[in-house]
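This report describes selected features of one protein model. Please examine the sequence and the structure shown below before reading on.

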Amino acid sequence: MIIALPLLKRALAWVVGFAAAVLLLASGVMQPLDNAFYDMHMRHWSYSTSDQVVIIAIDPQSLASIGNWPWPRSVHAELVRRLTEAGVRGIGMDVTMAEADVGHPDNDRVYAEAIHDNGHVVMPVFAEAAELGGVLEEVLPTPAIARSAAALGHVDASKDPDGITRGVYLKAGLGQPQWPALALALYDMGTPSPLHPLPGLRQPEGTARSPYEWIRDDYVLIRFANAAGAFNQVSYVDVLRGRVPGALLKGRWVLIGATAAGLGDQLATAASGANSPMPGVEYQANILESLHGGRLITPLNLPAQLLFGSLLLALPLAVYGLPGLRRTRMLALLTLLSIPLVSLLLLRAGNLWWPPAGWMAIIAAGLMLHAALRRLERRRERRLAPVPDAAWWPSLASTRQGDAS
């Protein structure tokens, strides 16, 4: 926001612009524009997966062959034993098993033994209210299955206000964020050096936390693998029947979950959009791949956002009026163009996300205000310009008459 040349007025302009930016950031009014800018870029920032993650899909083919859902846990036990024989690196089970199979208790025992023997199975945790509007409860696997699992991980999918899933909270839990994300638990279990400290946007220290509230922490944005079929995916029934080569599974992380319509979560993501929702198991695969490749993106916290923005806000004020610079054009280049470029540079080079829309709006408003004030100043100068002496007018008139004769 540029008003005039004196230093005091420049400082005042900076303070006003900074205060306006704080209000915009706090209100969230620019978030839709920031999200649109972010999504547009992320859809064109593709990468090839490492081939270390395999999805075992509970798909229509498997449902048609094995039968209607839910399947007996003895079926899952048989699958886990086949994966153990294949020598997989770890298994993430994105399938809820919160209630005991009272009709077939042996099935629970057989499944618990299978995952215990494997030693690298992660089971899911999530929060749910027993009744509409009731108190949240943590839903864990049955005690026998939970004791046999190598780890538990939450499967909470974070959605932005527009319904799009762009990131994940690496830690979450009831009352305190005690559970790692399922993909993080699987990654840490199969990696010599678990990820520590965790990346992501932290909750402020000293935040009051209710024991009845689902608490999230360490928020990161996911760089989704954009290409369709980016992950190796095999049918559950094909693995169960031994039709998948062991070489495709050996030494790899395996995620088991539903891809059939009507089963499991279907998420609109920054990569897939609302028209092609992503199955929850593929969402977990993207988290795991991002962890493995070091591609998780950390949003800047509010102080860091204000620091970057305030520096860019001060830049046009500092160069305004320097000799040899065309004011309006240079200001436009140094502000409106530099802000999104800085945002993309931080994203590409540092895996950091700095929302630019609010700062662009402040600079654009400042440029328009400056142009309007300059027009008013020129009008004022024309009104105050000295009027020619009246003695000039008769001589001017006589000169014109002489020319005419």
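How much space lies in the second largest pocket? The second largest pocket holds about 530 Å³ of space.

The model is a predicted one, in which local features need pLDDT of at least 70 and side-chain atom pairs count only at pLDDT 80 or more, while totals for chains, interfaces and linings use all residues. Residues are numbered from 1 along each chain as its sequence is written, and side-chain values use heavy atoms, with hydrogens and water left out.

**Pockets**

A pocket is an open set of points on a 1 Å grid over the protein atoms alone, where a 1.4 Å probe fits and protein lies on both sides within 12 Å along at least five of seven lines; lining residues have an atom within 4 Å of a point. Grid points are joined across faces, edges and corners, and the volume is the space filled by probe spheres set on the points. Helices (H or I, at least four residues) and strands (E, at least two) are DSSP runs, numbered from the N terminus.

In the second largest pocket, β3 (121-129), β10 (253-258) and α9 (280-293) each supply at least two lining residues. Helix α9 gives the most, with four residues. The lining comprises twelve nonpolar, five polar and five charged residues. In this classification Ala, Val, Leu, Ile, Met, Phe, Trp, Tyr, Cys and Pro count as nonpolar, Asp, Glu, Lys and Arg as charged, and the others, Gly among them, as polar.

The largest pocket contains about 800 Å³ of space. It is lined by 29 residues, and Gln31, Leu201, Pro299, Gln305 and Pro355 lie nearest its centre. At least two lining residues come from each of α1 (7-27), α2 (31-42), β8 (214-221) and α10 (302-319). The largest share, four residues, is supplied by α2. By class, this lining divides into 16 nonpolar, seven polar and six charged residues.

**Salt bridges**

The structure holds 13 salt bridges. A salt bridge is a side-chain nitrogen of Lys or Arg within 4 Å of a carboxyl oxygen of Asp or Glu. Three of these pairs are listed here.

| Pair | N to O distance |
|---|---|
| Arg252 and Asp51 | 3.1 Å |
| Arg166 and Asp162 | 2.8 Å |
| Asp238 and Arg243 | 2.8 Å |

The side chains of Arg252 and Asp51 meet in a salt bridge. This pair links distant parts of the chain, 201 residues apart: Arg252 is in the loop between α8 (236-240) and β10, and Asp51 is in the loop between α2 and β1 (53-58). Arg252 counts as buried because its relative accessibility is 14%, whereas Asp51 is partly exposed at 35%. Here buried means under 20% relative accessible area, exposed over 50%, and partly exposed in between (1.4 Å probe, protein chains only). Asp51 also has a positive phi of about 70°, although it is not a glycine.

Salt bridges that share partners join Asp39, Asp160, Asp162 and Arg166 into one network. Asp238 is buried, with a relative accessibility of 18%.

**Surface patch and enclosed segments**

Leu369, Leu373 and Leu376 form a nonpolar patch on the surface, with about 240 Å² of accessible area together. Such a patch is made of residues with over 30% relative accessible area and no salt bridge, with nonpolar side chains (Val, Leu, Ile, Met, Phe, Trp, Tyr) joined within 5 Å. Accessible areas come from the Shrake-Rupley method with a 1.4 Å probe; for residues, only the protein chains shown count as cover. Leu369 lies in helix α12 (residues 357-383) and is partly exposed, at 36% relative accessibility.

Helix α7 (residues 182-189) is largely enclosed by the rest of the structure, because six of its eight residues are buried. The buried residues include Leu182, Leu184 and Tyr187.

Ala270, in the loop between β11 (266-269) and β12 (273-279), is buried, with a relative accessible area of 3%. Ala270 and Ala36 are 234 residues apart in sequence and 9.2 Å apart in space, C-alpha to C-alpha.

**Backbone features**

Trp69 and Pro70 are joined by a cis peptide bond, with omega about 0°. Pro70 lies in the loop between α3 (60-66) and α4 (73-86). Asn351 has a positive phi of about 55°, although it is not a glycine; Asn351 is placed in the loop between α11 (327-350) and β14 (352-353).

Note on methods. Patch = residues over 30% accessible without salt bridge, like charges linked within 9 Å, V, L, I, M, F, W, Y side chains within 5 Å.
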